[in-house]
Amino acid sequence: MTKVLVIGAGGVGSVAVHKMAMLPEVFSHITLASRRISSCEQIARQVEQKFSAKIEVAQVNADDLEQTIRLLDLVKPSLVVNLALPYQDLIIMEACLKVGVNYLDTANYEPRDEAKFQYSWQWEYHDRFKEAGLLALLGSGFDPGVTNVFTAWAKKYHFDQINTLDILDCNGGDHGHPFATNFNPEINIREITAPARFWENGDWQERPALSDKQSFDFPEVGERNMYLMYHEELESLVHHLPEIKRARFWMTFGDSYLKHLEVLQNVGMTSIEPVKYDGHEIIPLQFLKAVLPNPGDLGKTTKGKTCIGNIISGVKDGRPKNLYIYNICDHENAFSEVGSQAVSYTTGVPAMIGSALILKKEWQGAGVFNIEQMNPDPFMEMLNQNGLPWIEKELDGPLSF
Ligand code: NDP
(Lines give C-alpha, C1' and ligand atoms only; values in the text may rest on other atoms or scores of the structure.)
Protein backbone atom coordinates (compact mmCIF):
# COMPACT_ATOMS: atom_id res chain seq x y z
CA MET A 1 0.00 0.00 0.00
CA THR A 2 1.30 3.44 -0.93
CA LYS A 3 -0.07 6.67 0.45
CA VAL A 4 0.55 9.94 -1.31
CA LEU A 5 -0.51 13.39 -0.15
CA VAL A 6 -0.80 16.06 -2.85
CA ILE A 7 -0.90 19.66 -1.57
CA GLY A 8 -2.32 22.25 -4.00
CA ALA A 9 -5.58 21.71 -5.90
CA GLY A 10 -4.84 24.02 -8.85
CA GLY A 11 -4.27 23.31 -12.54
CA VAL A 12 -1.16 21.18 -11.98
CA GLY A 13 -2.54 19.41 -8.88
CA SER A 14 -5.63 18.41 -10.83
CA VAL A 15 -3.63 16.77 -13.65
CA ALA A 16 -1.26 15.01 -11.22
CA VAL A 17 -4.16 13.51 -9.25
CA HIS A 18 -5.97 12.39 -12.43
CA LYS A 19 -2.80 10.69 -13.70
CA MET A 20 -2.11 9.09 -10.30
CA ALA A 21 -5.63 7.68 -10.26
CA MET A 22 -4.87 6.05 -13.64
CA LEU A 23 -2.07 4.01 -11.97
CA PRO A 24 -3.79 2.46 -8.93
CA GLU A 25 -1.11 -0.25 -8.70
CA VAL A 26 1.39 2.51 -7.74
CA PHE A 27 -0.88 5.07 -6.06
CA SER A 28 -3.21 2.98 -3.93
CA HIS A 29 -4.25 5.86 -1.59
CA ILE A 30 -4.38 9.48 -2.75
CA THR A 31 -5.22 12.45 -0.51
CA LEU A 32 -5.56 15.92 -2.04
CA ALA A 33 -5.30 18.91 0.30
CA SER A 34 -5.48 22.62 -0.44
CA ARG A 35 -6.28 25.96 1.13
CA ARG A 36 -9.89 25.64 -0.03
CA ILE A 37 -11.43 22.22 0.40
CA SER A 38 -13.94 23.05 -2.37
CA SER A 39 -11.06 22.99 -4.93
CA CYS A 40 -10.16 19.47 -3.75
CA GLU A 41 -13.75 18.24 -3.75
CA GLN A 42 -14.28 19.39 -7.32
CA ILE A 43 -11.18 17.50 -8.55
CA ALA A 44 -12.10 14.41 -6.50
CA ARG A 45 -15.57 14.39 -8.12
CA GLN A 46 -14.06 14.62 -11.63
CA VAL A 47 -11.59 11.79 -10.91
CA GLU A 48 -14.33 9.60 -9.48
CA GLN A 49 -16.54 10.18 -12.55
CA LYS A 50 -13.72 9.46 -15.01
CA PHE A 51 -11.89 6.58 -13.35
CA SER A 52 -14.16 5.41 -10.48
CA ALA A 53 -11.25 6.13 -8.14
CA LYS A 54 -11.71 7.49 -4.63
CA ILE A 55 -9.65 10.55 -3.63
CA GLU A 56 -9.58 11.67 0.02
CA VAL A 57 -9.70 15.44 0.52
CA ALA A 58 -8.45 17.73 3.28
CA GLN A 59 -8.11 21.43 4.03
CA VAL A 60 -4.73 22.91 4.88
CA ASN A 61 -3.07 26.29 4.86
CA ALA A 62 0.49 25.28 4.02
CA ASP A 63 1.77 28.69 5.11
CA ASP A 64 1.09 27.41 8.63
CA LEU A 65 3.70 24.87 9.80
CA GLU A 66 1.68 23.47 12.71
CA GLN A 67 -1.39 22.87 10.50
CA THR A 68 0.75 21.19 7.86
CA ILE A 69 2.42 18.93 10.43
CA ARG A 70 -1.01 17.95 11.82
CA LEU A 71 -2.20 17.00 8.32
CA LEU A 72 0.90 14.88 7.64
CA ASP A 73 0.49 13.17 11.02
CA LEU A 74 -3.12 12.40 10.23
CA VAL A 75 -2.61 11.13 6.66
CA LYS A 76 0.78 9.44 7.29
CA PRO A 77 1.80 9.43 3.60
CA SER A 78 5.03 7.95 2.18
CA LEU A 79 5.38 11.02 -0.02
CA VAL A 80 4.17 14.63 -0.05
CA VAL A 81 3.79 16.11 -3.54
CA ASN A 82 3.91 19.89 -3.23
CA LEU A 83 1.86 21.43 -6.05
CA ALA A 84 0.89 24.56 -4.15
CA LEU A 85 2.91 27.72 -4.80
CA PRO A 86 6.68 28.21 -4.46
CA TYR A 87 6.06 30.28 -1.29
CA GLN A 88 5.05 27.12 0.60
CA ASP A 89 8.12 24.98 -0.28
CA LEU A 90 10.11 25.52 2.91
CA ILE A 91 7.16 25.07 5.30
CA ILE A 92 6.19 21.81 3.58
CA MET A 93 9.82 20.60 3.64
CA GLU A 94 9.98 21.43 7.38
CA ALA A 95 6.77 19.49 7.98
CA CYS A 96 8.15 16.49 6.03
CA LEU A 97 11.27 16.48 8.20
CA LYS A 98 9.23 16.73 11.38
CA VAL A 99 6.92 13.82 10.46
CA GLY A 100 9.47 11.74 8.50
CA VAL A 101 8.02 11.87 4.96
CA ASN A 102 9.66 12.13 1.51
CA TYR A 103 9.06 15.34 -0.49
CA LEU A 104 8.66 16.31 -4.17
CA ASP A 105 7.92 19.64 -5.87
CA THR A 106 7.88 21.33 -9.28
CA ALA A 107 9.07 24.88 -8.51
CA ASN A 108 11.82 26.25 -6.33
CA TYR A 109 11.27 28.39 -3.26
CA GLU A 110 10.51 32.04 -3.75
CA PRO A 111 9.95 34.54 -0.93
CA ARG A 112 6.57 36.24 -1.24
CA ASP A 113 7.87 39.79 -0.82
CA GLU A 114 10.84 39.53 -3.20
CA ALA A 115 10.61 38.44 -6.87
CA LYS A 116 13.63 36.18 -6.62
CA PHE A 117 13.99 32.43 -6.87
CA GLN A 118 17.07 30.34 -6.27
CA TYR A 119 17.84 26.83 -5.08
CA SER A 120 20.13 27.79 -2.19
CA TRP A 121 17.24 27.95 0.31
CA GLN A 122 16.18 24.39 -0.48
CA TRP A 123 19.71 23.00 -0.98
CA GLU A 124 20.42 24.10 2.62
CA TYR A 125 18.06 21.32 3.75
CA HIS A 126 20.31 18.63 2.25
CA ASP A 127 22.05 17.56 5.47
CA ARG A 128 18.83 17.48 7.47
CA PHE A 129 17.07 15.25 4.89
CA LYS A 130 20.19 13.09 4.67
CA GLU A 131 20.40 12.61 8.43
CA ALA A 132 16.69 11.77 8.52
CA GLY A 133 17.14 9.21 5.70
CA LEU A 134 14.54 11.05 3.61
CA LEU A 135 14.48 12.08 -0.05
CA ALA A 136 13.48 15.55 -1.25
CA LEU A 137 13.23 15.67 -5.05
CA LEU A 138 13.18 19.19 -6.50
CA GLY A 139 11.72 20.28 -9.84
CA SER A 140 9.68 17.33 -11.17
CA GLY A 141 7.57 19.34 -13.64
CA PHE A 142 8.37 20.05 -17.30
CA ASP A 143 10.73 22.98 -16.98
CA PRO A 144 12.22 22.40 -14.50
CA GLY A 145 11.75 18.67 -14.70
CA VAL A 146 11.62 16.99 -18.09
CA THR A 147 14.16 19.48 -19.51
CA ASN A 148 16.61 18.51 -16.73
CA VAL A 149 16.05 14.81 -17.43
CA PHE A 150 16.51 15.40 -21.19
CA THR A 151 19.90 16.95 -20.32
CA ALA A 152 20.89 14.02 -18.08
CA TRP A 153 19.77 11.57 -20.80
CA ALA A 154 21.75 13.44 -23.47
CA LYS A 155 24.86 13.34 -21.25
CA LYS A 156 24.40 9.61 -20.57
CA TYR A 157 23.78 8.47 -24.16
CA HIS A 158 24.79 11.19 -26.62
CA PHE A 159 27.70 13.30 -25.41
CA ASP A 160 31.13 12.95 -23.83
CA GLN A 161 31.11 16.72 -23.35
CA ILE A 162 28.16 19.14 -23.43
CA ASN A 163 29.20 22.64 -24.49
CA THR A 164 25.94 24.52 -24.94
CA LEU A 165 22.39 23.97 -23.76
CA ASP A 166 19.37 25.92 -24.99
CA ILE A 167 15.94 25.16 -23.53
CA LEU A 168 13.16 26.27 -25.89
CA ASP A 169 9.67 26.54 -24.43
CA CYS A 170 6.91 27.20 -26.94
CA ASN A 171 3.22 27.36 -26.20
CA GLY A 172 1.64 27.49 -29.63
CA GLY A 173 -1.87 27.30 -28.13
CA ASP A 174 -4.61 29.90 -28.40
CA HIS A 175 -7.11 30.18 -25.51
CA GLY A 176 -9.26 32.86 -27.16
CA HIS A 177 -8.83 35.43 -24.34
CA PRO A 178 -7.15 38.80 -25.04
CA PHE A 179 -4.76 38.18 -22.09
CA ALA A 180 -4.31 35.20 -19.78
CA THR A 181 -1.34 33.32 -18.31
CA ASN A 182 -0.79 29.59 -18.76
CA PHE A 183 -0.21 28.90 -15.10
CA ASN A 184 -0.57 30.83 -11.85
CA PRO A 185 -0.56 34.47 -13.10
CA GLU A 186 1.27 35.82 -10.06
CA ILE A 187 4.17 33.36 -10.36
CA ASN A 188 4.17 33.60 -14.17
CA ILE A 189 4.32 37.41 -14.36
CA ARG A 190 6.97 37.65 -11.62
CA GLU A 191 9.10 35.25 -13.68
CA ILE A 192 8.64 37.03 -17.04
CA THR A 193 9.25 40.55 -15.78
CA ALA A 194 12.51 39.60 -14.02
CA PRO A 195 15.86 40.36 -15.80
CA ALA A 196 16.96 37.66 -18.26
CA ARG A 197 20.00 35.73 -17.00
CA PHE A 198 22.05 33.08 -18.76
CA TRP A 199 25.24 31.15 -17.99
CA GLU A 200 28.35 31.80 -20.06
CA ASN A 201 31.95 30.78 -19.41
CA GLY A 202 31.58 30.24 -15.69
CA ASP A 203 29.45 33.27 -14.84
CA TRP A 204 25.91 34.67 -15.01
CA GLN A 205 25.21 37.33 -17.66
CA GLU A 206 22.22 39.61 -17.28
CA ARG A 207 20.02 41.40 -19.85
CA PRO A 208 16.87 43.52 -19.36
CA ALA A 209 13.65 41.47 -19.30
CA LEU A 210 12.37 40.50 -22.78
CA SER A 211 15.14 42.42 -24.57
CA ASP A 212 16.69 39.50 -26.49
CA LYS A 213 14.37 38.08 -29.17
CA GLN A 214 14.94 35.28 -31.70
CA SER A 215 12.70 33.53 -34.16
CA PHE A 216 12.54 29.72 -34.26
CA ASP A 217 10.60 27.24 -36.39
CA PHE A 218 9.10 24.86 -33.82
CA PRO A 219 8.15 21.34 -34.96
CA GLU A 220 4.35 20.98 -35.44
CA VAL A 221 3.83 24.59 -34.29
CA GLY A 222 5.73 26.74 -36.80
CA GLU A 223 7.72 29.96 -36.65
CA ARG A 224 7.43 31.83 -33.32
CA ASN A 225 9.26 34.67 -31.56
CA MET A 226 10.98 33.55 -28.40
CA TYR A 227 12.64 35.63 -25.70
CA LEU A 228 15.65 35.02 -23.47
CA MET A 229 14.59 34.53 -19.85
CA TYR A 230 16.02 33.31 -16.59
CA HIS A 231 14.61 29.98 -15.51
CA GLU A 232 15.42 28.03 -12.39
CA GLU A 233 16.69 24.82 -14.02
CA LEU A 234 19.65 26.74 -15.44
CA GLU A 235 21.01 27.12 -11.90
CA SER A 236 20.86 23.44 -10.98
CA LEU A 237 21.99 22.19 -14.42
CA VAL A 238 25.19 24.26 -14.54
CA HIS A 239 25.82 23.27 -10.91
CA HIS A 240 25.51 19.54 -11.58
CA LEU A 241 27.04 19.63 -15.09
CA PRO A 242 29.82 22.21 -14.68
CA GLU A 243 31.21 21.29 -18.13
CA ILE A 244 28.37 23.34 -19.73
CA LYS A 245 29.91 26.51 -21.17
CA ARG A 246 26.67 28.29 -22.05
CA ALA A 247 23.13 27.61 -20.85
CA ARG A 248 20.11 29.67 -21.93
CA PHE A 249 16.34 29.49 -21.63
CA TRP A 250 13.89 30.84 -24.22
CA MET A 251 10.11 31.22 -24.07
CA THR A 252 7.68 32.22 -26.83
CA PHE A 253 5.27 35.11 -26.38
CA GLY A 254 2.84 36.57 -28.90
CA ASP A 255 2.79 40.31 -29.67
CA SER A 256 -0.63 40.79 -28.09
CA TYR A 257 0.50 39.12 -24.84
CA LEU A 258 3.55 41.39 -24.67
CA LYS A 259 1.50 44.51 -25.42
CA HIS A 260 -0.91 43.74 -22.56
CA LEU A 261 2.00 42.96 -20.24
CA GLU A 262 3.71 46.24 -21.12
CA VAL A 263 0.58 48.26 -20.37
CA LEU A 264 -0.02 46.40 -17.10
CA GLN A 265 3.59 47.03 -16.09
CA ASN A 266 3.41 50.70 -17.08
CA VAL A 267 0.34 51.29 -14.94
CA GLY A 268 1.85 49.44 -11.96
CA MET A 269 -0.43 46.39 -12.00
CA THR A 270 2.46 43.88 -11.95
CA SER A 271 4.03 45.38 -8.81
CA ILE A 272 4.38 43.30 -5.64
CA GLU A 273 4.66 46.43 -3.45
CA PRO A 274 1.53 46.80 -1.29
CA VAL A 275 -0.69 49.85 -1.96
CA LYS A 276 -3.53 51.28 0.15
CA TYR A 277 -6.94 51.14 -1.54
CA ASP A 278 -10.16 52.11 0.19
CA GLY A 279 -8.68 51.45 3.61
CA HIS A 280 -7.25 48.04 2.60
CA GLU A 281 -3.71 47.10 1.72
CA ILE A 282 -3.60 45.26 -1.61
CA ILE A 283 -0.77 43.90 -3.74
CA PRO A 284 -1.45 44.94 -7.36
CA LEU A 285 -0.15 41.67 -8.86
CA GLN A 286 -2.37 39.60 -6.55
CA PHE A 287 -5.36 41.77 -7.46
CA LEU A 288 -4.52 41.31 -11.15
CA LYS A 289 -4.50 37.52 -10.62
CA ALA A 290 -8.00 37.78 -9.17
CA VAL A 291 -9.39 39.46 -12.31
CA LEU A 292 -7.54 37.39 -14.93
CA PRO A 293 -8.94 34.11 -16.29
CA ASN A 294 -8.15 31.13 -14.06
CA PRO A 295 -5.45 29.07 -15.89
CA GLY A 296 -7.24 25.93 -14.71
CA ASP A 297 -10.30 26.97 -16.76
CA LEU A 298 -8.45 27.67 -20.01
CA GLY A 299 -8.58 24.04 -21.12
CA LYS A 300 -12.13 24.31 -22.46
CA THR A 301 -11.15 26.88 -25.09
CA THR A 302 -7.46 26.24 -25.81
CA LYS A 303 -6.46 24.86 -29.20
CA GLY A 304 -2.98 24.16 -30.58
CA LYS A 305 0.17 22.53 -29.25
CA THR A 306 3.10 23.10 -26.92
CA CYS A 307 6.63 22.17 -28.01
CA ILE A 308 9.24 22.20 -25.24
CA GLY A 309 12.73 20.79 -25.52
CA ASN A 310 16.48 21.14 -25.43
CA ILE A 311 19.01 21.86 -28.15
CA ILE A 312 22.34 20.56 -26.98
CA SER A 313 25.72 20.90 -28.70
CA GLY A 314 28.91 19.19 -27.70
CA VAL A 315 31.29 16.38 -28.55
CA LYS A 316 30.85 12.61 -28.92
CA ASP A 317 33.78 10.31 -29.76
CA GLY A 318 35.90 13.31 -30.70
CA ARG A 319 33.32 14.70 -33.19
CA PRO A 320 30.92 17.64 -32.84
CA LYS A 321 27.30 16.63 -32.22
CA ASN A 322 24.06 18.62 -32.05
CA LEU A 323 20.88 17.16 -30.65
CA TYR A 324 17.29 18.38 -30.29
CA ILE A 325 15.10 16.49 -27.78
CA TYR A 326 11.52 17.69 -27.40
CA ASN A 327 7.93 16.85 -26.62
CA ILE A 328 4.80 18.01 -28.41
CA CYS A 329 1.62 18.20 -26.37
CA ASP A 330 -1.81 18.95 -27.83
CA HIS A 331 -4.06 21.17 -25.69
CA GLU A 332 -7.32 19.56 -26.86
CA ASN A 333 -6.05 16.01 -26.30
CA ALA A 334 -4.91 16.96 -22.79
CA PHE A 335 -8.34 18.44 -22.09
CA SER A 336 -10.22 15.42 -23.33
CA GLU A 337 -8.03 13.09 -21.21
CA VAL A 338 -7.92 14.95 -17.87
CA GLY A 339 -9.93 18.19 -18.28
CA SER A 340 -6.89 20.55 -18.32
CA GLN A 341 -4.87 22.45 -20.92
CA ALA A 342 -1.39 21.32 -21.98
CA VAL A 343 0.63 23.63 -19.68
CA SER A 344 -0.92 22.08 -16.57
CA TYR A 345 -0.72 18.66 -18.28
CA THR A 346 2.98 18.91 -19.13
CA THR A 347 3.69 19.77 -15.46
CA GLY A 348 1.27 17.41 -13.73
CA VAL A 349 2.34 14.29 -15.68
CA PRO A 350 6.07 14.57 -14.71
CA ALA A 351 5.03 15.30 -11.11
CA MET A 352 3.13 11.99 -11.18
CA ILE A 353 6.09 10.19 -12.82
CA GLY A 354 8.66 11.48 -10.28
CA SER A 355 6.26 10.44 -7.49
CA ALA A 356 5.77 6.98 -9.00
CA LEU A 357 9.53 6.40 -9.27
CA ILE A 358 10.00 7.36 -5.61
CA LEU A 359 7.10 5.18 -4.43
CA LYS A 360 8.36 2.24 -6.54
CA LYS A 361 11.84 2.89 -5.02
CA GLU A 362 13.36 3.13 -8.50
CA TRP A 363 14.60 6.54 -7.43
CA GLN A 364 16.14 6.52 -3.96
CA GLY A 365 18.46 8.67 -1.93
CA ALA A 366 18.80 10.55 1.34
CA GLY A 367 19.08 14.31 1.03
CA VAL A 368 17.88 17.04 -1.32
CA PHE A 369 18.31 16.23 -5.02
CA ASN A 370 17.50 17.91 -8.31
CA ILE A 371 15.91 15.64 -10.85
CA GLU A 372 18.95 15.55 -13.20
CA GLN A 373 20.86 13.72 -10.42
CA MET A 374 18.57 10.69 -10.81
CA ASN A 375 18.83 7.90 -13.41
CA PRO A 376 16.98 9.32 -16.45
CA ASP A 377 16.06 5.92 -17.97
CA PRO A 378 12.85 5.00 -16.07
CA PHE A 379 11.59 8.60 -16.26
CA MET A 380 12.13 8.76 -20.04
CA GLU A 381 10.30 5.44 -20.41
CA MET A 382 7.37 6.62 -18.29
CA LEU A 383 7.08 9.85 -20.32
CA ASN A 384 6.44 7.72 -23.40
CA GLN A 385 3.91 5.56 -21.57
CA ASN A 386 1.99 8.33 -19.83
CA GLY A 387 1.12 10.93 -22.44
CA LEU A 388 4.34 12.92 -23.00
CA PRO A 389 6.28 11.04 -25.71
CA TRP A 390 9.58 12.59 -26.72
CA ILE A 391 11.44 12.83 -30.01
CA GLU A 392 15.17 13.18 -30.52
CA LYS A 393 16.76 14.46 -33.73
CA GLU A 394 20.35 15.01 -34.65
CA LEU A 395 20.83 18.53 -36.11
CA ASP A 396 23.34 19.49 -38.80
CA GLY A 397 24.84 22.28 -36.71
CA PRO A 398 24.47 24.28 -33.50
CA LEU A 399 21.97 27.17 -33.17
CA SER A 400 23.01 30.13 -35.31
CA PHE A 401 22.41 32.70 -32.52
P1 NDP B 1 -2.57 27.30 -9.27
O2 NDP B 1 -2.59 28.68 -8.76
O3 NDP B 1 -3.57 26.86 -10.29
O4 NDP B 1 -2.70 26.28 -8.05
C5 NDP B 1 -2.02 26.41 -6.87
C6 NDP B 1 -2.91 25.78 -5.80
O7 NDP B 1 -2.21 25.87 -4.55
C8 NDP B 1 -4.24 26.51 -5.63
O9 NDP B 1 -5.26 25.59 -5.87
C10 NDP B 1 -4.22 27.00 -4.21
O11 NDP B 1 -5.30 26.69 -3.40
C12 NDP B 1 -3.12 26.17 -3.55
N13 NDP B 1 -2.50 26.96 -2.51
C14 NDP B 1 -2.00 28.20 -2.60
N15 NDP B 1 -1.53 28.61 -1.41
C16 NDP B 1 -1.75 27.59 -0.56
C17 NDP B 1 -1.51 27.41 0.81
N18 NDP B 1 -0.96 28.36 1.57
N19 NDP B 1 -1.85 26.23 1.38
C20 NDP B 1 -2.44 25.26 0.64
N21 NDP B 1 -2.70 25.37 -0.66
C22 NDP B 1 -2.37 26.53 -1.25
O23 NDP B 1 -1.10 27.02 -9.79
P24 NDP B 1 -0.61 25.88 -10.82
O25 NDP B 1 -1.35 24.64 -10.55
O26 NDP B 1 -0.58 26.46 -12.16
O27 NDP B 1 0.91 25.70 -10.34
C28 NDP B 1 1.23 24.88 -9.21
C29 NDP B 1 2.74 24.87 -9.01
O30 NDP B 1 3.36 24.33 -10.16
C31 NDP B 1 3.35 26.26 -8.81
O32 NDP B 1 4.34 26.16 -7.83
C33 NDP B 1 3.99 26.57 -10.16
O34 NDP B 1 5.07 27.44 -10.03
C35 NDP B 1 4.43 25.18 -10.57
N36 NDP B 1 4.62 25.02 -12.01
C37 NDP B 1 5.74 24.37 -12.44
C38 NDP B 1 5.96 24.19 -13.79
C39 NDP B 1 7.12 23.37 -14.25
O40 NDP B 1 7.17 23.03 -15.45
N41 NDP B 1 8.06 22.97 -13.41
C42 NDP B 1 5.06 24.76 -14.81
C43 NDP B 1 3.85 25.33 -14.26
C44 NDP B 1 3.67 25.48 -12.89
P45 NDP B 1 -6.83 26.92 -3.33
O46 NDP B 1 -7.40 26.73 -4.71
O47 NDP B 1 -7.22 25.84 -2.42
O48 NDP B 1 -7.03 28.31 -2.79
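Begin with the ligand and display the shell around it: by class, this shell has 15 nonpolar, 14 polar and 4 charged residues. The model is a predicted one. In total, 33 residues surround the ligand.

The largest nonpolar core comprises 112 residues. Within this core, the residues with the most contacts are V6, I7, A16, V17, L32, V80 and A136. Helix α13, residues 342–359, contributes 11 residues to this core, which is the largest share.

Now centre the view on V6. Leaving aside residues up to four places away in sequence, V6 touches G13, A16, V17, I30, L32, V81 and L83.

The following selection is V238, in helix α9, which spans residues 232–240. Is V238 buried or exposed? V238 is buried, because 20 other C-beta atoms lie within 10 Å and a residue counts as buried at 20 or more. Beyond residues up to four places away in sequence, V238 touches W199, I244 and A247.

Select D143 and P144 together. The peptide bond that joins D143 and P144 is cis, with omega of about 10 degrees. P144 is located in the loop that runs between β6 (135–138) and α7 (146–157).

Move to N201, in the loop between β8 (196–200) and β9 (203–207). What is the phi of N201? The angle is near 45 degrees, a positive value in a residue other than glycine. N201 is exposed, because 7 other C-beta atoms lie within 10 Å and the limit for an exposed residue is 12 or fewer.

Finish at D278, whose loop lies between β13 (275–277) and β14 (280–282). Phi of D278 is near 50 degrees, again positive in a residue other than glycine. With 5 other C-beta atoms within 10 Å, D278 is exposed.

Technical notes
Residues numbered from 1 in each chain as written. Predicted model: local features only at pLDDT ≥ 70, side-chain atom pairs only at ≥ 80, totals over all residues. Near = placed C-beta within 6 Å. Nonpolar A, V, L, I, M, F, W, Y, C, P; charged D, E, K, R; others polar. Helix = DSSP H or I, 4+ residues; strand = E, 2+ residues; numbered from the N terminus. Core = buried A, V, L, I, M, F, W, Y, C linked by C-beta atoms within 7 Å. Contact = placed C-beta atoms within 7 Å.
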